Structure formats: C-alpha cells, structure tokens
Amino acid sequence: TRRELPKIALQPSDAPRGMRYTKAESGLKTLEEIGVLLNTQTRELRRLGYRAVYDVIFDSPDVRLASRIWLFDEPRGAQRWLASTESQSLAVAMEPLSAPELADGSWAAGGNLNGNDLITHAFQTGNVVVVMTLSTQTVRLSASDALAAAQKAVSRARK
C-alpha cells in the first residue's frame with residue numbers, strides 16, 4: 001500500500017559505500033514532480049492501476065543512485081509497467097545488459113543518455129516496480145555495484 005512504501009524502500013542505512021542519502025529529493029512524489037506531464041502518459045499509468053510513486057536518492061560527488069518505486073493496484077499492472085519501462089529504456093539508446101533475474105521479473109540496461117553514463121536495473125515484485133539507476137558524468141560505473149544495490153532493493157521490497 002501507499003503507507004508501506006517508506007518501509008519497503010531502500011533506507012538511509014542502505015547507502016552504497018561512499019554515498020549519502022539525499023532526504024530533500026526522497027519520498028512520495030507526484031507524477032508532475034517526476035516529469036510525467038503528458039495526458040497520454042498519465043492515462044497509461046491510470047489504466048494500469050497506478051497508485052503512487054516513491055523515490056530514494058543517494059549521492060556522492062561523482063555518482064548518483066536513484067531508486068523509484070511504482071505502486072499499482074494489482075501485480076498485472078506492475079508487470080505491464082515493468083515491460084513498458086524496458087521498452088522505453090531501449091528506445092532512448094540504452095543497451096540490454098546481462099544480469100540475473102530479480103524478483104518476479106526484471107531487466108537491466110546501460111548506456112549514455114544526455115552525457116550521463118547509466119546502469120539501470122528494474123524489477124517487479126507483487127504490485128510494485130522498482131527502477132534503480134546508477135549514473136555519473138565523471139567516473140566509470142561499476143556493474144557489480146549497480147547489481148548489489150538492486151539486490152538490496154529486492155530484499156527490502158519483499159519484506
């Protein structure tokens with residue numbers, strides 16, 4: 001439920017080594033706050049049973065880890081949103097990455113978008129989808145660090 005999102009999200013104590021929790025950017029968000037502005041986007045989300053979105057952000061001087069939890073009424077809506085996020089990532093020139101299956105379904109991709117190197121892992125568990133993106137403009141990203149963060153998020157989301 002919406003009330004459970006802060007409990008199943010990554011916690012400040014889950015900050016990857018060298019990173020700090022960014023409280024000002026974390027928490028329950030509106031679709032407008034996260035940049036979902038087009039009526040077609042909001043209609044799709046509503047059709048899938050969208051209920052809420054919750055962000056957790058960690059930063060270091062060189063790297064950012066953004067975790068976004070999408071809550072839906074039913075697992076079917078979450079499953080369809082997971083597939084939609086994958087196709088959207090591939091449409092913006094990200095490339096699929098080999099990664100172990102996470103939770104009830106998952107995908108991973110990496111690439112460069114607007115000057116940012118990215119590694120994204122997304123997974124579905126029950127009626128939630130978690131999209132985790134590690135990004136930088138200055139250092140080489142670690143695929144193992146990105147996967148470790150995603151695996152930690154899976155363990156939190158399944159509690």
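Let's start at Trp-70, which, leaving aside its neighbours within four places in sequence, is in contact with Leu-31, Ile-34, Val-36, Leu-45, Tyr-50, Ala-52, Val-53, Trp-81, Asn-127, Val-128, Val-129 and Val-131. Bear in mind as you look around that this is a predicted model. Trp-70 has its place in strand S4. Its relative accessibility is 6%, and because buried means under 20%, Trp-70 counts as buried.

Now turn to the rings. The model has five aromatic pairs. One of them joins Tyr-50 and Trp-70 edge-to-face, with 6.2 Å centre to centre and 65° between the planes. This pair links distant parts of the chain, since Tyr-50 sits in strand S3 and Trp-70 in strand S4, 20 residues apart. Both Tyr-50 and Trp-70 are buried. Trp-70 also pairs with Trp-81: the ring centres are 5.0 Å apart and the planes stand at 55°, so this pair is tilted. With Trp-70 in strand S4 and Trp-81 in helix H3 (residues 75-91), the pair ties together parts that are eleven residues apart in sequence. Trp-81, like Trp-70, is buried. Ring pairs link Tyr-50, Trp-70, Phe-72 and Trp-81 into a cluster.

In soluble globular proteins, nonpolar side chains tend to be buried together. The largest nonpolar core here has 28 residues, and Leu-5, Leu-65, Ile-69, Phe-123 and Met-132 touch the most other members. At least two residues of this core come from each of helix H1 (5-8), strands S3 (50-59), S4 (63-72), S7 (116-125) and S8 (128-136), and helix H4 (143-157). H4 gives the most, with seven residues. Follow Met-132 for a closer look: not counting residues up to four places away in sequence, Met-132 touches Leu-10, Leu-65, Ala-66, Ser-67, Ile-119, Thr-120, His-121, Ala-149, Ala-150 and Ala-153. There is also a second, separate core of 19 residues, with Leu-31, Met-94, Ala-109 and Leu-118 among them.

Finally, let's trace some strand pairing. Strand S5 (residues 95-96) and strand S6 (residues 105-113) pair in the antiparallel sense over two bridges, and Glu-95 has Gly-110 in S6 as its bridge partner. S6 also runs antiparallel to S7, joined to it by nine bridges. Here Ser-106 finds its bridge partner in Phe-123 of S7. The hairpin of S6 and S7 has two residues between the strands, and in this hairpin Asn-114 takes a positive phi near 55°.

Notes:
Residues numbered from 1 in each chain as written. Predicted model: local features only at pLDDT ≥ 70, side-chain atom pairs only at ≥ 80, totals over all residues. Heavy atoms only, no water. Core = buried A, V, L, I, M, F, W, Y, C linked by side-chain atoms within 4.5 Å. Buried < 20%, exposed > 50% of the residue type's maximum accessible area, 1.4 Å probe, protein only. Helix = DSSP H or I, 4+ residues; strand = E, 2+ residues; numbered from the N terminus. Contact = heavy atoms within 4.5 Å. Pairing = 2+ DSSP bridges. Phe/Tyr/Trp six-rings, centres within 6.5 Å; stacked < 30°, edge-to-face > 60°.
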